[in-house]
Amino acid sequence: MMGRESKETTLITGGTGFLGSHLVARFLAEGRRVVALARNREGMSAAQRMVRLLDWLKVPQNLRRRLEILEADLEVPRGGLDPDTIMDLQNKVDECVHCASDTSFAVGKREQVQRVNVQGLENLLDLLAGSRCRRLHLISTAYVAGKQVGKCSEDLPPEDGIGDVFKDALDTTRFHNVYEQSKHRAEHVAMQRCAVIGMGLTIYRPSIVYGDSRTGRTLAFNALYHPVRAVHYFRKLYTEDILRHGGRKAGALGIHLDADGTLHLPIRVLGGDGCGVNLIPVDFFLRAFQAIRDTADPNGVYHIVNPRNTFISEIVTFTNRFFQLTGLRSLPGGEDLPRNGLELLFDRHVQAYGAYMRDARVFDRTRAEAVLNPVGVVCPAFTYKVFAACMRFAVDVDWGRRLWSDTTTPVTASKQKTSSC
Amino acid sequence: MISEDIRHQAAQCRHYAMCKIDYLGTGLCASGAEHQYVSHFPQGRMDLCDALARNVVPITEGLVEIAETCNLCGICDRQCHFITGMRPVEVMKALKKHVREWLEQGNVPVAPPADADLERLREIVGGQWATNDPAILMTYANDPFPLAGPRMPRFVVLPGNRDEIAAVVRYANDHGIAYAVRGNGGSVFGFVFTDGLVLDMHRMKGITIDAENWTALVEPGVTSFELQQAAVKQGFRVNTAEPAATVCGNIVCTGLFSTWSNAYGVNADTFVDMEFLSRDGEVFRLSDPTAPNVFCYEHQPTSSPGICTRAFVRLHPMTDDEAGMLVPFTAFDEAVSFVQDLSRRRIGLALGVLGGHYLSTFMAPTASLALQLQSTLSETLGMRYAVFLVGDRFAREAVRSMRPAVIDAELFRMLLLGLPNLAEGAWQDLVSGMDGDEPAYELLLRPEIRPVLEAILRPAPETLASAVDEDLRDFYTQLYTRPEMTDMVWLNMFRILSSRMSRHKHMFAFLVYVPMDRPALIRSICDRLRQIADAQGLENDFGFLTPLDLGKRGILEYDYYIDHQNPDDAERIRRAAADFEPYLEEISVTIKGVKWLKNIFSQGCARKEAFLYT
């Protein structure tokens, strides 16, 4: 959908990321001018990466002329841009969407995560100070709530106890991982800095974002995808063992293949007693973002979440069905059972997401729904149909390995059965 | 006409002389075994092919014989591929073809010039063991060391015994002929050249095991591999250098060190006695009261005490429960502290910290697989370093109680034989998806995971062989059915994998003795050497670190990699030398326990206490 051309210019950071690239496409479709900040990576320039993404997002060529790509690194002061570029940027940017983020959870990556998520924001705000930019859209996360239990409000939580994040270790009493802590910190930095320079601040807090709810298309294969991918890998591994190598290794783990192609893969998933996982599709995020941006007060915090969590047992059922498996089952609670090798590997895949799989947080949606409901923006339910669309796409592009070479051919259900299993 | 492609292949020979020992049980090049000059082994033919293509050597009578006696049996392809990935048979074919066509055109080979000195030398050693044939001389004139140019000798002599050496030396002294000794015909450091006479000790291969005295009497042509074979047959082990290096030459030169030096020491610890022929042609034993004192150390380049004609090398006992083990680490300092701790607690015999590059290069049969594997080990599994250990069952149990995540002998075999699958993309992606605070190896090395790993890796000789050229797969499959090829103890005793370090490029090794209780200092030395190399655009990496003397000291290897045929790389290393030489010299004189190996060259008989604790 193409809107009227606008002279307004939006600066988008993290333009080559999952959400950032979708937002670039959406803003271009609205007819806005976009300046995308991105880094070079994997031997490709920022522009090359951006073009590849625009192709993938099927952005028409005529819209792309309104896009300017700036190679910048927000980990260094003022993005490493030269003074002329900065002045030009300051004179033309009306609003900024800050998507650039490091989503690593590991403590070992704490410094890197803080550098990107906190110092990167500081550097961006230095860049924008004195500019004509009047509004910052900060893409945060619902999980800044950290280890809160129960209702999490659409407000900034207190900052007490978090000092210099570059020196402080992970505050394990308040956060599950460095990502949560850094995003929490970033919200406070944004609030303080925007207040000083008189810039409006809208904070968007999505939960876990997966692919498009209708097509399954996605650029990122983490979070929901990781453990399912592990199951898919095991399925292929042991099917091959049975069909080509006599199945001795499969048999040792109680794995067998039925005549109809169903593989019995005994993995006990520790599902926990919590409220499941909060998943939203990227298309919902985009519509919600747009609605909040278009109608809301420039200042505010909004949870972009699913009103209904998905239980791990549901995902397990979906996975069995999609990959033609039996044996994969969800166990309530964190039972202290001896684990076999497959289960240990699987556990490790979901270890980082444990807090999200067994979520005890309930995200308040009052402010967001006040904006979204009137315009009919509703989060789709995470049904088997949605799950299947996402996994079909994931398998089709080999979990991202063929993302750039094979992105358009749809896979039929029957074809999927043979190609993925 | 020799094509540029063939010439380029020929010029890549690393001169490791591995084609002169039967390290894979393939047998030796028949022509080399018969004629014994370097020129008649594949290494020499590679040099000659390169030289012919560059038109810097005539086709001589010797060269015709060299070309004609190659029967294209293919042994060199198997031997050379195993360590360098090269396929010399194509070069051998080109050399034979070139010479044959040249002869068919009616050309007459050049006869070596008549030389009275040569005749006298032949009287001493026998007619076939001294030559001045320019083609044969050419193979003793150059080595892949980028900072030393070629020097063509006048003669090459292969003495058969000590008396012949003495007579040759006396003759050379009397007639003003300079001489240099090459234990196995090569010198990878490029320090052993002369425009006079080269003494190649290859014929002197006597080994006598004295089981009562725990010693082996070794002649100067005996290689480390050959001595180890002889020792193992009688239930002993020796501390040896690289397999093709001669034992005597290596002791005299660098003092001989390995991961076994943790238990067996270095330099003078290696031998009980040695016999030398002085520069004046006099024979003496180090244990003689009047012998020169070579047990001391001078912090300056010194000349060797003479030509080592025999060494009485220590033999060490083995137990039947020895096995290898690798203990992975993510952080360098942690690995260093751990290996030092093992050493001071007397846990383990062979010990060392290996870098990811070392480990992957040793294990992988091809350079491309090694590159993939390095990424797998370091990035995917988080195993940037590994402490290597050989120990008896008590030692290994102790290590397991200190660090549960280990690669034992069985798992090592599984990983090695399943290497192509270990480096495979989907598996790597799966492991990469395990975001967490602990390195992936900690989980993957748990016993419960082993059945899954076995399914993923499908370890088998055929699996490993699938990584090499199709026509070599049967050979590799057969090779890896032999238990010793996956046995860390055997591989580390015979060191047949060490030459793989020069597979993708010629290796330029820095060896520095260091205080083991200062990991930060050791890291800073590595960092400085890395900075110097990076500034010149030279590939570089940490090699290994072995503790010595109960963990008080250690020997560090840091490596630069160069294309020895690329003049730009030679220039880069020359410029780097302007930085690393003064740096290493400075830390050698200012920091206790630090000594750069440069000044220990030719002082390999020195007691380690003479340079480690000054």
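Two strands count as paired if DSSP finds at least two bridges between them. Helices (H or I, at least four residues) and strands (E, at least two) are DSSP runs, numbered from the N terminus. The model is predicted: local features need pLDDT of at least 70, side-chain atom pairs count only at pLDDT 80 or more, and totals for chains, interfaces and linings use all residues. Residues are numbered from 1 along each chain as its sequence is written, with chains lettered from A and ligands numbered from 1 in the order in which they are written.

Start in chain B with β1 and β2. Strand β1(B) joins β2 (residues 155-157) of chain B through 2 bridges, and the two run antiparallel. Within β2(B), B:V157 is the bridge partner of B:A130. Both strands belong to an open sheet of 4 strands, ordered β1-β2-β4-β3 (chain B), with mixed pairing. β1 (130-131) and β3 (179-182) of chain B are the edge strands; each has a single partner, so one side of each lacks a neighbour in the sheet.

A helix covers part of this sheet. Helix α9 (residues 162-174) of chain B lies across β2, β3 and β4 (197-200) of chain B, at about 170° to β4(B). Such angles run from 0 to 180 degrees between N-to-C directions, with axes fitted to C-alpha atoms, for helices over the stretch in contact. Contact means that the C-beta atoms of two residues, placed from the backbone, lie within 7 Å.

Next comes another sheet of chain B. Here 7 strands form an open, antiparallel sheet in the order β12-β14-β13-β16-β17-β15-β18 (chain B). At its edges stand β12 (323-329) and β18 (595-596) of chain B, each with a single partner strand, so one side of each has no neighbour in the sheet. Helix α13 (residues 332-344) of chain B packs on this sheet, touching β12, β13 (350-355), β14 (385-391) and β16 of chain B, and its direction makes about 175° with that of β13(B).

Is β13(B) buried or exposed? Of its residues, 6 of the 6 are buried, so the strand is largely enclosed by the rest of the structure. Buried means that 20 or more other C-beta atoms lie within 10 Å of the residue's own; exposed means 12 or fewer, partly exposed in between, with C-beta atoms placed from the backbone. In a regular strand, side chains alternate between the two faces of the sheet. From β13(B), B:A350, B:G352 and B:L354 point one way, and B:L351, B:V353 and B:G355 the other. On one flank, 6 bridges join β13(B) to antiparallel β14(B), where B:V390 stands opposite B:A350. β13(B) also pairs with β16(B) over 2 bridges, again antiparallel; there B:L545 is the bridge partner of B:V353.

Now turn to helix α6 (residues 89-104) of chain B. Its buried residues are B:V91, B:M92, B:A94, B:L95, B:H98 and B:V99. Seen down the axis, they fall within an arc of 165°, so they line one face of α6(B). That arc is taken from the directions from the helix axis to the C-beta atoms. They pack against α1 (4-11), α3 (42-53), α4 (61-68) and α5 (75-84) of chain B. On the other side of α6(B), B:E101 and B:E104 are exposed.

Finally, the chains meet. The contact takes 27 residues from chain A and 19 residues from chain B. On the chain A side, α7 (225-245), α8 (248-252) and α11 (341-351) of chain A are the elements that give two or more residues.
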